[in-house]
Amino acid sequence: MTASRARLASRMEGIAPFHVMRILARARAMEANGRAVVHMEVGEPPFPTPGPVVAQARRALDAGETFYTPALGLPRLRAAIADYYQERFGVRLSSDRIVVTPGSSAGLQLALAMLCDAGSELLLTDPGYPCNRHFARLYGITPVGLPVSAGNAFLPTLEQIEAAWSPATRALLLASPANPTGSVIPRERLRAYAACIERLGGVLIVDEIYQGLHHGMSPHSVLEVDDRVVVVNSFSKYFCMTGWRVGWLVLPESFIEAADRLAQNMYLAAPTLAQHAAVAALAPATRPILEARREALGKKLRWAERELASTGLEVTRSPDGGFYLYVGLAGLPVTASEFCRRLLEEEGVAVTPGVDFGVHRAERHIRLACVAEDGEMRTAFDAIGRLCATLLQGG
Ligand SMILES: Cc1ncc(COP(=O)(O)O)c(C=O)c1O
């Protein structure tokens with residue numbers, strides 16, 4: 001093959017790879033060589049898409065629904081999403097404010113492209129979902145990390161936000177429940193964030209993609225307390241539809257025309273079959289399936305937390321939602337990257353180092369996605385215990 005003389009755009013220097021993907025690739029290579037690997041690295045629910053959702057997609061396919069939908073989404077789906085807010089959160093929304101997107105990944109990019117100029121700044125938590133800072137860089141926006149720790153429930157304080165806010169700052173992006181910490185923002189805190197950002201003259205963006213996966217407290221939306229905010233959501237996690245690539249934004253009415261223009265140009269529309277399927281994901285008949293899965297994930301998470309206690313690692317704060325454990329390495333004489341490497345190579349257990357999620361104490365933390373089968377989780381925790389013991393003995 002002749003080498004191309006074309007070179008990459010300089011913005012590519014700001015885009016770091018997802019370490020978790022490198023770990024996944026290594027795990028797959030080990031599996032191809034006959035090694036068994038327990039996967040606790042990738043953030044994906046272990047369940048197939050619910051039957052009624054698949055059946056709806058089949059019906060749509062048989063009916064020839066293979067054309068573009070409007071850029072803002074299938075009207076039926078936008079209406080169903082608006083009804084969902086009324087039914088679950090008591091929030092009355094016009095379906096005109098819903099923008100259906102190809103996964104929340106596209107929703108996040110649409111929101112940032114629409115709201116933040118090149119050269120502006122975006123505040124986000126450290127640790128936080130890694131793609132956000134890369135999306136920001138793609139649009140010439142500088143991501144500014146707000147370090148958060150277990151001591152403040154992994155939530156930024158208002159003082160931190162005010163101190164980090166500069167004339168160039170346009171928005172604060174938070175997630176509830178958060179990845180990787182599982183932290184849920186209480187209602188009153190959401191109200192305080194919204195008021196603070198309004199006072200500072202910016203936009204509050206809240207990623208609610210793990211919203212249905214609450215453990216202990218009932219889920220809520222920032223829309224219950226303020227409707228000037230931007231909400232990001234998705235069918236990927238609670239609805240078990242990662243591969244369908246469908247999510248949504250809820251925007252203030254005044255942003256809809258711009259979102260429509262941008263969506264038409266960026267991706268034309270979310271996948272049509274996935275949008276038809278998503279209508280069934282919101283239907284009452286699907287809810288019991290999803291709730292049973294939520295409970296199963298909650299049980300795995302609590303079991304994993306109890307098991308960790310005997311390994312020497314520490315869950316510095318119990319997660320309120322999602323399916324991740326953000327675990328401190330306590331006194332282990334090793335970096336998170338090295339711990340994850342050894343756990344995979346020596347024990348066949350794949351987990352993610354904190355460095356994927358930011359820089360704040362990142363080499364002292366790992367993330368466990370508690371989505372493996374119960375027997376595999378047992379194997380994984382025995383392996384974690386063994387590696388911790390070896391490390392403590394200087395091995
Ligand atoms: C916090 C958060 N936001 C957004 C996404 C993107 O998900 P999707 O594009 O599948 O909706 C993820 C995926 O893991 C996530 O953890």
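This is a predicted model: local features need pLDDT of at least 70, side-chain atom pairs count only at pLDDT 80 or more; totals for chains, interfaces and linings use all residues.
**Domains, core and local geometry**

Student: What makes up the contact between domain 1 and domain 2?

Tutor: Contact requires C-beta atoms within 7 Å. By that rule, 33 residues of domain 1 are in contact with 31 residues of domain 2. On the domain 1 side, the elements giving two or more residues are α10 (287-309) and β10 (324-328). Helix α10 gives the most to that side, with six residues. The residues on this side of domain 1 divide into 16 nonpolar, nine polar and eight charged.

Student: Why does the radius of gyration of the chain agree with that of a compact globule?

Tutor: The rule is 2.2 Å times the number of residues to the power 0.38. For 395 residues a compact globule would have a radius of gyration near 21 Å, and the chain has 21 Å, so the two agree. Along the principal axes, the C-alpha atoms fill a box of roughly 60 × 60 × 55 Å. The chain holds 12 helices and 13 strands, and 46% of its 395 residues count as buried. Of the contacts between residues at least 6 apart in sequence, 73% join residues at least 24 apart.

Student: What makes a set of residues a nonpolar core?

Tutor: The members must be buried residues of the listed nonpolar types, joined through C-beta atoms within 7 Å. The largest such core here has 116 residues, and Met40, Ala111, Leu249, Leu368 and Cys370 have the most contacts inside it. Helix α4 gives the most to this core, with seven residues. The core draws at least three residues from each of domain 1 and domain 2.

Student: Which residues are in contact with leucine 368, leaving aside neighbours within four places in sequence?

Tutor: Leucine 368 is in contact with Met40, Ala304, Tyr324, Leu325, Val327 and Val351.

Student: Why is leucine 329 called buried?

Tutor: The cut-off for a buried residue is 20 or more other C-beta atoms within 10 Å. Leucine 329 has 23 C-beta neighbours inside 10 Å, so leucine 329 counts as buried. Leucine 329 lies in the loop between β10 and α11 (336-347). Beyond four places in sequence, leucine 329 touches Leu313, Val334, Ala336, Phe339, Arg364, His365 and Ile366. Its C-alpha is 8.6 Å from that of glutamate 363, although leucine 329 and glutamate 363 are 34 residues apart in sequence.

Student: Why is arginine 361 called partly exposed?

Tutor: Arginine 361 has 17 within 10 Å, so arginine 361 is partly exposed. Its place is the loop between β12 (352-353) and β13 (365-369). Arginine 361 also has a positive phi of about 50° although it is not a glycine.

Student: Phenylalanine 154 has a positive phi of about 60° as well, and it is not a glycine. Is phenylalanine 154 buried or exposed?

Tutor: Phenylalanine 154 has 23 C-beta neighbours inside 10 Å and therefore counts as buried. Phenylalanine 154 is in the loop between β4 and α6 (158-164).

Student: What covers the buried residues of α5?

Tutor: The buried residues of α5 (residues 130-138) are Pro130, Asn132, Arg133, Phe135 and Ala136. Their cover includes α4, β3 (121-126), β4 (142-147) and β5 (169-175). Just after α5, glycine 140 takes a positive phi of about 75°.

Student: What is the omega of the cis peptide bond from aspartate 126 to proline 127?

Tutor: That omega is near 10°, and proline 127 is in the loop between β3 and α5. The peptide bond from serine 176 to proline 177 is cis too, with omega near -10°. Proline 177 lies in the loop between β5 and α7 (187-200).

Methods
Residues are numbered from 1 along each chain as its sequence is written. A residue is buried if 20 or more other C-beta atoms lie within 10 Å of its own, exposed if 12 or fewer, and partly exposed in between; C-beta atoms are placed from the backbone. Helices (H or I, at least four residues) and strands (E, at least two) are DSSP runs, numbered from the N terminus. Domain bounds come from an automatic or database domain assignment. Two residues are in contact if their C-beta atoms, placed from the backbone, lie within 7 Å. Ala, Val, Leu, Ile, Met, Phe, Trp, Tyr, Cys and Pro count as nonpolar, Asp, Glu, Lys and Arg as charged, and the others, Gly among them, as polar.
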